[in-house]
Structure formats: structure tokens, C-alpha cells
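Open the model in your viewer and keep the selection tool at hand. The tour goes stop by stop.

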Amino acid sequence: MAAAGDGGESHCRDALREAFGDSSGSDSDTSAGVSLGAGRGHWRWEPVAGVRGLWLCAAFLSADEQARLLSAIQREGWFVDANNQAMRFGDLPSWAVELSALIREAICVGDASVGLDAEVTNEDEDACPLPSDLLWREPFFDQMIANRYKPGEGICAHVDLMRFDDGIAIVSLESACVMHFSQAEPTRGSAASDILKQGDVESTKVPVLLKPGSLVLMSGDARYLWKHEINRKPGRQLWDGRELEQHRRTSVTLRKLLPSTD
């Protein structure tokens, strides 16, 4: 893992800039028919306080990019006859491959200093939204889930299956929502552990606002020790003291399969 101060992340940024440039104009952008990447050089990353390994890029995709991505998903013809989920393993659709490359670029080129305090900045593994060993694995992602949720539909609290590697990305489209994180296995002696012992589970939940076009990354503790959920029932989607208006929501989750042990 490259330390923040040893030039590892600088090398990462230089490599991506050399490969992609600082503008959105590249042949690879249009070949998949999605033309993503207009936000290059403008990505801002924020670590989510209280959940180690959880990072948010609130403006990952522009409105136009979101529309193009939704059109590409729609052209797949997955969401018909009440079906609201599609999974792909191995070879992903071209637009998902491009999306994966854009996520990698955003990690390297984006500004990860927003919201970092001195303590976090000095922790090597927290200085970048994804550790370098995960960032440069090949393939970056080889499993994808596309979900479409009606108003009121969400996901139960869970930790992703152990068949998947560390480092999970979720891109949100259409309706905004609040995703809650709750500690699955509190570290003994930690503040969260003490709270759980008191039975006050609700107070340990950490809310994260997922706007349309946002990207959230989970690695380390956030991936293995924290459950995530989206409760879109009436009265549960609250942010800054007001209830969010719920519409149809589409999400794309990208993961990496672990090698088979068979």
C-alpha cells in the first residue's frame, strides 16, 4: 500500500493523466455509446466520518452523463415483466467496463483532501479512497448488479457476501436516498461497542446521502464490518430534518469476485 507522502498516489494520478488526459475528449469515451468522463478534474471525495474505509464522491456523474448511462442500461432490456435486477459475471457490458475505468480515474485524479483532518491525512490507508492494491488489480471489477427500485423499495441491512473481494463501488441514479451504515461486528472496547451493549442500535447508524450521480466506495472496515441498508418506507428517508421525496431509483454496483477455491 502506497503511503500518501511517498509519491504513490502522485504516481497514480500521473499515470491516469498520461493515459486519459485532463479533458473528456477521447475515442474510448464514445465507443461504448455512453461518453462518460466530463467531470474529469472536478471530482471531490469525502471520507464518511465514523466509518473507516467509506468514501463518497457526491458529483461523480453530471446530469448528461447520468442520462446517457440510464439510456445504456435501458437498452439492455433487463427491467421488463416486473424484473428489477440484473447480474453479470465475468465479461461486463461495454458501458460497465467504461464506468469501471472512470471510477479508477476518479479515485486517482479526484481531490481526496476535502473533509480530511490531520489525523486521517496521516493514516496511509485512509489517504486515498481505495488502497493501491485494490485500485490496480486486474480486472478492477468483474461482477455487476443493476437494480431498479420503485418508491418505497429499498435494501435490508447486510454485508456483501464473502465471495466478493474488498473494494465495492455503488453508483446511484434518479432518486436521491439515504443509505444507513450500522456496525456489524463492533471492535471490542470501541465507542460503538459500548453503545451496542446498551441496546441503542439506532444511534450507531451513520447516514449517507446518495444524490443522483453519486459514487460511494466501501473498503476495509466499511466493506467487512459495517452493514448497509436503504429503508425507503414512509418517514424513514430523512435528511437535514426533512423527508426526501422518493421516485424511481436505479443503482449500479460493481464488485470483484474472489478466485474459486474449488
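Is cysteine 128 buried or exposed? Select cysteine 128: its relative accessibility is 6%, so it counts as buried. The cut-off for buried is under 20%. Keep in mind that this is a predicted model.

Now select cysteine 156. Here the relative accessibility is 66%, so this cysteine counts as exposed. The cut-off for exposed is over 50%.

Next, go to the backbone. Select glutamate 138 and proline 139 together. The peptide bond that leads from glutamate 138 to proline 139 is cis. Its omega is near -10°. Where does proline 139 sit? Look in the loop between helix H6, residues 132–135, and strand S4, residues 143–149.

Move on to glutamate 174. Strand S6 covers residues 168–174, and glutamate 174 is found in it. Check the phi of glutamate 174: it is near 70°, a positive value in a residue other than glycine. Glutamate 174 has a relative accessible area of 23%, so it is partly exposed. That class lies between the cut-offs for buried, under 20%, and exposed, over 50%.

The last stop is aspartate 240. Find it in the loop between strand S11 (238–239) and strand S12 (242–243). Aspartate 240 is not a glycine, yet its phi is positive, at about 55°. What is the relative accessible area of aspartate 240? The value is 71%, so aspartate 240 is exposed.

Conventions: Residues are numbered from 1 along each chain as its sequence is written. This is a predicted model: local features need pLDDT of at least 70, side-chain atom pairs count only at pLDDT 80 or more; totals for chains, interfaces and linings use all residues. Side-chain values use heavy atoms; hydrogens and water are left out. Buried means under 20% relative accessible area, exposed over 50%, partly exposed in between (1.4 Å probe, protein chains only). Helices (H or I, at least four residues) and strands (E, at least two) are DSSP runs, numbered from the N terminus.
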